[in-house]
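The sequence and the model are shown first, and a description by region follows.

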Amino acid sequence: VQLQASGGGLVQAGGSLRLSCAASGLTFSDYARGWFRQAPGKAREFVAAVDWRGSTTYYADSVKGRFTISRDNAKNTVYLQMNSLKPEDTAVYYCAADSYGVIDLESSRLVDEYDYWGQGTLVTVSS
């Protein structure tokens with residue numbers, strides 16, 4: 001079972017990036033999916049989550065209105081569209097999968113809620 005995150009890179013403040021997380025070895029269509037990030041010297045923090053159907057989403061306050069999480073179950077892939085990027089968005093971004101496909105505001109933000117993790121992709125936003 002593998003989650004492969006991609007799409008990170010270097011971008012100027014105000015720019016955009018789209019991260020992808022492709023799953024293999026298991027069909028994740030019934031899983032909730034999430035994105036987290038970890039900046040140097042800081043704990044891993046919640047960014048966004050989507051339920052198994054793609055109908056319910058949650059976002060960290062720091063990214064609300066700028067980031068959009070979506071999924072394509074036919075491709076076993078989840079996306080994170082990041083617009084209006086800021087230097088404080090610089091971090092390694094991790095995708096995750098939760099075998100309990102329904103999400104709620106509290107549990108979706110917890111690292112321990114997720115069963116599978118990708119290897120991370122680095123996003124660097126220059127000022």
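C21 has V78 as its bridge partner in strand 8. The model under discussion is a predicted one. Strand 3 and strand 8 run antiparallel and are joined by 6 bridges.

These two strands belong to an open sheet of 4 strands, arranged in the order 1-3-8-7 with antiparallel pairing.

## N76 in its loop

N76 is located in the loop that links strand 7 (67-72) to strand 8 (77-82). Is this residue buried or exposed? Its relative accessibility is 14%, and N76 therefore counts as buried, the cut-off being under 20%.

The side chain of N76 places a polar atom 2.9 Å from the backbone oxygen of L26. A polar atom of the N76 side chain also lies 2.9 Å from the backbone nitrogen of F28. When neighbours within four places in sequence are left aside, the residues in contact with N76 are C21, A22, A23, L26, T27, F28, S29 and R33.

## Strand 4 and its partners

Strand 4 is largely enclosed by the rest of the structure, because 6 of its 7 residues are buried. Strand 4 pairs with strand 9 in the antiparallel sense over 7 bridges; within this pairing, Q38 stands opposite V92 of strand 9.

Strand 4 is also joined to strand 5 by 5 bridges, and the two run antiparallel. Here W35 has A48 in strand 5 as its bridge partner. The two strands form a hairpin with 6 residues between them, and G41 in the turn has a positive phi of about 80 degrees.

## The nonpolar core

The largest nonpolar core contains 35 residues, of which W35, V47, F67, I69, L80, M82 and Y93 touch the most other members. At least two residues of this core come from each of strand 1 (2-6), strand 3 (17-24), strand 4 (32-38), strand 5 (45-50), strand 7, strand 8, strand 9 (91-98) and strand 11 (121-126).

Y93 illustrates the contacts made at this site. Apart from residues up to four places away in sequence, Y93 touches L19, W35, F36, R37, V47, F67, L80, M82, G120, T121 and V123.

## Aromatic pairs

A pair of aromatic rings is described by the distance of the centres and the angle of the planes. The model has 7 aromatic pairs. In one of them, the ring centres of F36 and Y114 are 5.2 Å apart and the planes stand at 80 degrees, so this pair is edge-to-face. F36 lies in strand 4, while Y114 lies in the loop between strand 9 and strand 10 (116-117), so the pair ties together parts that are 78 residues apart in sequence.

F36 is buried, with a relative accessible area of 0%, and Y114 is likewise buried, at 6%. Y114 also forms an edge-to-face pair with W117, at 6.0 Å centre to centre and 65 degrees between the planes. W117 is partly exposed, with a relative accessible area of 26%. One aromatic cluster is formed by F36, F46, Y114 and W117.

Technical notes
Residues are numbered from 1 along each chain as its sequence is written. This is a predicted model: local features need pLDDT of at least 70, side-chain atom pairs count only at pLDDT 80 or more; totals for chains, interfaces and linings use all residues. Side-chain values use heavy atoms; hydrogens and water are left out. Buried means under 20% relative accessible area, exposed over 50%, partly exposed in between (1.4 Å probe, protein chains only). A polar contact is a pair of N or O atoms within 3.5 Å; within protein, one must be able to donate a hydrogen and the other to accept it, and residues adjacent in sequence count only if both atoms are side-chain atoms. Contact means heavy atoms within 4.5 Å. A nonpolar core is a set of buried Ala, Val, Leu, Ile, Met, Phe, Trp, Tyr and Cys residues joined through side-chain atoms within 4.5 Å. Two strands pair if DSSP finds at least two bridges between them. Rings of Phe, Tyr and Trp (its six-membered ring) pair if their centres lie within 6.5 Å; planes under 30 degrees apart count as stacked, over 60 as edge-to-face and the rest as tilted.
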